[in-house]
Amino acid sequence: MVVVHEARRHEARLAQAPGRLRVGEFRAALAVRGAHDDTISYVERNAVLREGDTLWTDEKSVAELELERGAWVRLAEQTKLELVALPPSSELRLWSGSVYC
């Protein structure tokens, strides 16, 4: 049990560290490709994302990303979003679809 709790605390610290954000709630699937990755993978809730990651939601898929200090970004279905820079100087590039902040 102690290992599980330590892992959760470590993930929480990573999510709050500068240059990272966390996947909050989502429905269906959220695909991601890292800046230096050749393949696309699917992420789970609480996954930590980094600068340079590109995210996709499919049809009937939505996702919420949690930034620092309670800020969030919601991706509507069929959205492609690139995380160019993360807090404290956030820059998100919307390729297609819709986001809500």
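Mentor: Gladly! Let's begin with strand 8, where K80 is the residue standing opposite W56. This is a predicted model, in which local features need pLDDT of at least 70, side-chain atom pairs count only at pLDDT 80 or more, and totals for chains, interfaces and linings use all residues. Residues are numbered from 1 along each chain as its sequence is written, and side-chain values use heavy atoms, with hydrogens and water left out.

Trainee: What counts as a strand, and when do two of them pair?
Mentor: Strands are DSSP runs (E, at least two residues), numbered from the N terminus. Two strands pair if DSSP finds at least two bridges between them. In general, strands of a sheet pair through backbone hydrogen bonds, either parallel or antiparallel. Here, strand 5 pairs in the antiparallel sense with strand 8 (residues 80–85) over three bridges. Strand 5 also pairs with strand 2 (residues 30–33), again antiparallel, over four bridges, and T54 is the bridge partner of R33.

Trainee: What is the order of the strands in the open sheet?
Mentor: The five strands run 3-2-5-8-9, with antiparallel pairing. Strand 3 (41–42) and strand 9 (91–96) are at the edges; each has a single partner strand, so one side of each lacks a neighbour in the sheet. Strand 9 is joined to strand 8 by five bridges, and its S96 stands opposite K80.

Trainee: Are the residues of strand 5 buried or exposed?
Mentor: Buried means under 20% relative accessible area, with a 1.4 Å probe and protein chains only. In strand 5 (residues 54–57), T54 and W56 on one side and L55 and T57 on the other are all buried, leaving both faces covered.

Conventions: Buried < 20%, exposed > 50% of the residue type's maximum accessible area, 1.4 Å probe, protein only.
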